[in-house]
Each structure stands twice: as C-alpha cells, then as structure tokens.
Amino acid sequence: MSSLGRLHLITDTRPGRDPLTVVRAALAAARADLVVQVRVEDSATDREAYDLTRRVVALCTPYGATCLVNDRLHVALAAGVAGGHVGADDLPVGAARRVLGPTAVLGATARDPGTAAEAVAAGASYLGVGPCHPTATKEGLPPPIGVPGVRAVAEAVDVPVIAIGGVTATHVPALRAAGAYGVAVVGALSTAADPGRAAAALLEALTC
Ligand SMILES: Cc1ncc(COP(=O)(O)OP(=O)(O)O)c(N)n1
Ligand SMILES: Cc1nc(C(=O)O)sc1CCOP(=O)(O)O
Ligand SMILES: [Mg+2]
C-alpha cells in the first residue's frame with residue numbers, strides 16, 4: 001500500500017495568512033502523516049516560492065513529513081523536495097514525470113475517470129480529485145463533483161485519491177467510503193481558530 005501521507009495541507013499564501021504557523025501546528029498533530037504542498041500565488045516570484053519551500057522543508061524533515069511543490073517543478077527540484085503537483089494549466093503529467101524523475105511523488109489533478117486514467121498512465125503517483133464541495137479558496141473552478149464524483153474516479157484508478165475542495169473533517173467519512181485515500185485542505189486548517197486541533201480532527205477521521 002502507498003506510504004503517501006493522508007492529510008495534505010496546501011499552503012495559504014493569500015495576504016494576511018500565516019502559512020508557516022499553520023504548517024508548524026499541523027506537523028505537531030499529524031507528523032509523518034502530513035504532506036505539505038507549497039502553493040504560492042501566481043504573482044509570487046520563483047525566489048519567494050523557493051524560500052518558502054526551503055522553510056517548509058526545514059519544518060517537515062524532523063517529523064518525516066513530505067513536502068511537495070505545486071506547479072513550479074524547477075522549484076521542487078532546486079529545493080530537493082519529494083515531488084510536485086500539476087494540473088490542467090501546468091506541464092502535462094508525462095512531461096512532469098520526465099522533469100522530476102521516476103521515483104518522485106507526482107500528483108495530478110483529475111475531475112473525471114477518463115482524465116484520471118490518462119494521468120496515471122502518464123506517470124501520476126496520486127490524484128487530487130475535486131472540487132468535492134463548494135470552496136471560497138480558489139476561483140474559476142467547475143461545479144463540485146461531490147462524493148459520487150470522487151467515487152467514480154477512485155473506482156477507475158489504482159493510485160491514492162486525495163479529495164480536495166471545501167473539505168472538512170465532517171466530510172471525511174463519506175469521502176473515505178467513496179474510496180478516497182486522503183484529503184487536501186487549505187481553509188480547514190488556515191482559517192481554523194486552532195489549526196493543530198483541526199489537523200488532529202482531520203487525521204483522526206482519516207485513520208480511525
Ligand atoms: C491535491 C491537489 N489537488 C488538486 C490541486 C489543484 O491543482 P491545479 O488544478 O493545478 O490548480 P492550482 O492548485 O495550481 O491552482 C492541488 N493543487 N492539489
Ligand atoms: C487549490 C484547489 N484546487 C482545487 C481543485 O478542485 O482543483 S480546490 C482548491 C482549493 C482548496 O481549498 P479549500 O480546502 O479551502 O477548499
Ligand atoms: Mg496547478
């Protein structure tokens with residue numbers, strides 16, 4: 001079975017957010033079960049992405065947690081992280097696999113079974129599947145696919161399915177029953193009054 005962590009925290013770098021404080025709290029709760037995906041605003045420079053990634057790596061390493069980089073695979077390679085995540089506007093999955101190499105963790109966004117199967121054939125080692133539920137974190141997404149949409153993808157592939165989009169701990173049982181291996185969240189941790197407690201609740205729901 002995959003050793004990929006089940007709780008994926010995607011950094012919230014919007015103005016006024018404090019991503020490293022959230023990462024620290026989540027690591028204390030989820031330890032090696034945490035995957036931190038460094039995702040910066042499109043307007044951020046590569047230097048800013050690299051600097052944030054290096055700081056996240058320094059936090060993750062003592063816990064054995066995994067760090068990935070969203071979109072910017074050159075930053076992932078330069079920072080020495082475990083891999084990256086790509087979607088429809090990024091490098092194609094096959095090209096991303098060539099960039100990262102055969103053993104890297106490579107996530108791909110898939111919203112339907114056909115796209116999911118193609119991504120796996122091209123080298124994706126996990127899939128980000130959503131949006132499961134409405135979310136205010138990202139604009140321009142298609143309508144939510146819901147739990148049935150996650151199930152349809154999970155039934156079509158044999159790599160871990162990470163459900164994303166408006167996910168909170170209360171959604172996790174249904175998503176797991178639909179075949180999700182884990183979840184990826186922004187707001188459930190970055191807007192929580194107590195991110196450590198929120199991470200513990202998500203992890204408990206994912207592993208109970
Ligand atoms: C785990 C996970 N799933 C989906 C996404 C979305 O990636 P993408 O479609 O490339 O959109 P951006 O995040 O780049 O705006 C993700 N990042 N992680
Ligand atoms: C970055 C991203 N990608 C999505 C997709 O469906 O591809 S949903 C999303 C935002 C997830 O944030 P939250 O947990 O706050 O809803
Ligand atoms: Mg992307």
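A: Happy to. One ground rule before we look at UniProt labels: annotations may be inferred rather than shown by experiment. Also keep in mind that this is a predicted model.

Q: Then which residues does UniProt list for "binding site"?

A: The unreviewed entry lists Q37, V38, R39, V40, E41, N70, T109 and K138 under that name.

Q: What is the chain made of over residues 7–189?

A: That stretch is 38% helix and 20% strand.

Q: How confident is the predictor in the chain?

A: For this, look at pLDDT, the predictor's confidence in each residue, from 0 to 100. Here the chain averages 97, and 99% of its residues reach 70 or more. The model also scores ipTM 0.99 and pTM 0.98.

Q: In what order do the strands close into a barrel?

A: Follow them around: β1-β2-β3-β4-β5-β6-β7-β8, eight strands with parallel pairing. On average, neighbouring strands of this sheet are turned by 25° against each other, ignoring direction.

Q: Can we zoom in on one pair? How many bridges join β6 and β7?

A: Three bridges, in the parallel sense, link β6 (residues 126–129) with β7 (residues 161–164). Find V129 and you'll see A163 of β7 standing opposite.

Q: Now the ligands. Which residues are closest to ligand 1?

A: The closest are G87, T109, G128, I164 and A184, out of 18 residues that surround ligand 1. T109 is also on UniProt's "binding site" list. Several strands contribute to this shell: β1 (7–10), β4 (83–86), β5 (105–110) and β7 each supply at least two residues. Sorted by class, the shell has six nonpolar, eight polar and four charged residues.

Q: And which ones are closest to ligand 2?

A: Those are G130, T135, T137, V186 and G187, among 16 surrounding residues. Its shell divides into eight nonpolar, seven polar and one charged.

Q: Back to E41 from that UniProt list. Where is E41 found, and is E41 buried or exposed?

A: Look in the loop between β2 (34–38) and α2 (46–60). To judge exposure, count the other C-beta atoms within 10 Å: 12 or fewer means exposed, 20 or more means buried. E41 has 11, so E41 is exposed.

Definitions and conventions: Residues are numbered from 1 along each chain as its sequence is written. Chains are lettered from A and ligands numbered from 1 in the order in which they are written. This is a predicted model: local features need pLDDT of at least 70, side-chain atom pairs count only at pLDDT 80 or more; totals for chains, interfaces and linings use all residues. Two strands pair if DSSP finds at least two bridges between them. Helices (H or I, at least four residues) and strands (E, at least two) are DSSP runs, numbered from the N terminus. Axes are lines fitted to C-alpha atoms, for helices over the stretch in contact, and angles run from 0 to 180 degrees between N-to-C directions. A residue is near a molecule or strand if its C-beta atom, placed from the backbone, lies within 6 Å of it. Ala, Val, Leu, Ile, Met, Phe, Trp, Tyr, Cys and Pro count as nonpolar, Asp, Glu, Lys and Arg as charged, and the others, Gly among them, as polar.
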